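Work through these exercises with the sequence and the model side by side. Try each task before you read its solution.

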Amino acid sequence: MTWVFLHGFLGRPASWDGIVRRLGPSTHAIRPSLFGHGAVPPTSPEIAFDDEVDRIANLVEREGARGAHVVGYSMGARVALGLVVRHPHLVERATLIGVHPGLDAEDERAERRREDEAQAKDVIARGMDAFVTSWEALPMFESQRATLHPDVQDAQRAVRASHLEGGVAAALRSLGLGAMPSRWAALPTVRVPVDLVVGELDAKFRALAERAAEALPVSRVTVVPAVGHNVVLEAPDALRDVLVSPAPEARP
């Protein structure tokens, strides 16, 4: 089986190293860098969200990886859900960690776009170090500050700070929640099995996962104990167990 791993905001393909290592040396993994991330300036200051979804689909096609297990975290989970909806022939199974299927109301999306634009301007004005400091102070990352070894936190901070200000701004404008089309109406049409993984302490995304599971025909919610939003970083062994477990089955 081919695995497709999609990192979160301010992550990198290497963010999946621990998971791939746990899956074994023969694991065939595709780990693209999402738009705006990395050390290379983006090709455009802004693209459509689904343009990125389609770019990843084209990459998977070029790798000959139809029937892949697609795994995404946070922003990457939203792109992964786009793959499931727009390119189902490429996906055999999906695992979505901390996924948000989108905002239904246009006024909500417009408000979120304003927030993302403000953050984009902030990172340009203040630089990566200051932006990352603010980002890491968000309540959703409190569990990381409380439980992760300082060396792990330092490594995570180095990854976050390694991106270019212009690239991060472009990612916020293009892949932010306000730029994403809502997928809620499409969930009942999804036929591939979907694992929805959330941390026990991540109340907002637990509620979203439970709501999404009600709409998805073949799905399962896994709540990982005592961790927050970033299950990839906080509980890699538990995530590995989900990934290698039998796929969810359709409800009777």
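## Exercise 1: Strand β5

Both faces of β5 are covered: V194, L196 and V198 are buried on one side, and D195, V197 and G199 are buried on the other. Keep in mind that this is a predicted model.

**Task.** Decide whether β5 is enclosed or open, and find the strands it pairs with.

**Solution.** 

Step 1. Apply the cut-off: a residue is buried when its relative accessible area is under 20%. Six of the six residues in β5 (residues 194–199) are buried, so the strand is largely enclosed by the rest of the structure.

Step 2. Look for a neighbour. Strand β4 (residues 91–97) runs parallel to β5, and four bridges join the two. To place the pairing, find L96, which stands opposite L196 in β5.

Step 3. Look for another partner. Strand β6 (residues 219–224) is joined to β5 by six bridges, again in the parallel sense. Here V198 has V223 in β6 as its bridge partner.

Step 4. β5, helix α9 (residues 203–215) and β6 form a β-α-β unit, and the unit is right-handed.

## Exercise 2: Strand β3

**Task.** Which way do the residues of β3 point, and which strands pair with β3?

**Solution.** 

Step 1. Sort the side chains. A68, V70 and G72 point one way, while H69, V71 and Y73 point the other way. All of them are buried. With six of six residues buried, β3 is largely enclosed by the rest of the structure.

Step 2. Pair β3 with β1. The two run parallel and share four bridges. F5 has V71 in β3 as its bridge partner.

Step 3. Pair β3 with β4. This pairing is also parallel, over six bridges. V70 stands opposite A94 in β4.

Step 4. Follow the chain onward. It crosses from β3 through α3 to β4, and this β-α-β crossover is right-handed.

## Exercise 3: Helix α3

**Task.** Compare the span of α3 with the expected value, then find what its buried residues pack against.

**Solution.** 

Step 1. Take the length. α3 (residues 75–86) has 12 residues. From first C-alpha to last, the helix reaches 17 Å, close to the 16 Å expected at 1.5 Å a residue.

Step 2. Check the cover. Of the 12 residues in α3, 10 are buried. Among them are M75, R78, L81 and V84.

Step 3. List the packing partners. The buried residues of α3 pack against β1 (2–6), α2 (49–62), β3 (68–73), β4 and α8 (165–175).

## Exercise 4: Y73 and the largest pocket

**Task.** Place Y73 in the fold, then describe the largest pocket.

**Solution.** 

Step 1. Locate Y73. It lies in strand β3. Its relative accessibility is 9%, so Y73 counts as buried.

Step 2. Leaving out residues up to four places away, Y73 touches L6, H7, G8, W16, I97, F141, H229, N230 and V232. Y73 and G11 are 62 residues apart in sequence, with 9.5 Å between their C-alphas.

Step 3. The largest pocket has a volume of about 890 Å³. Its lining holds 43 residues, and F9, Y73, S74, W135 and F141 lie nearest its centre.

Step 4. Name the contributors. The elements that give two or more residues to this lining are α1 (17–23), α3, α4 (106–126), α7 (150–161), α8, α9 and α10 (231–234). α7 supplies the largest share, five residues.

## Exercise 5: Positive phi

**Task.** Where are L10 and S74 found, and are they buried or exposed?

**Solution.** 

Step 1. Most residues other than glycine have a negative phi.

Step 2. Examine L10. Its phi is near 70°, a positive value in a residue other than glycine. L10 is found in the loop between β1 and α1. At 1% relative accessibility, L10 counts as buried.

Step 3. Examine S74. Its phi is about 55°, positive although S74 is not a glycine. S74 sits in the loop between β3 and α3. Its relative accessible area is 18%, and S74 is buried. The cut-off for buried is under 20%.

Conventions:
Residues are numbered from 1 along each chain as its sequence is written. This is a predicted model: local features need pLDDT of at least 70, side-chain atom pairs count only at pLDDT 80 or more; totals for chains, interfaces and linings use all residues. Side-chain values use heavy atoms; hydrogens and water are left out. Buried means under 20% relative accessible area, exposed over 50%, partly exposed in between (1.4 Å probe, protein chains only). Two strands pair if DSSP finds at least two bridges between them. A crossover is right-handed if, with the strands pointing away from the viewer, the path from the first strand over the helix to the second runs clockwise. The expected span of a helix is 1.5 Å times one less than its number of residues. Contact means heavy atoms within 4.5 Å. On a 1 Å grid over the protein atoms alone, a cavity is a set of points where a 1.4 Å probe fits but cannot get out, and a pocket is an open set with protein on both sides within 12 Å along at least five of seven lines; lining residues have an atom within 4 Å of a point. Grid points are joined across faces, edges and corners, and a volume is the space filled by probe spheres set on the points.
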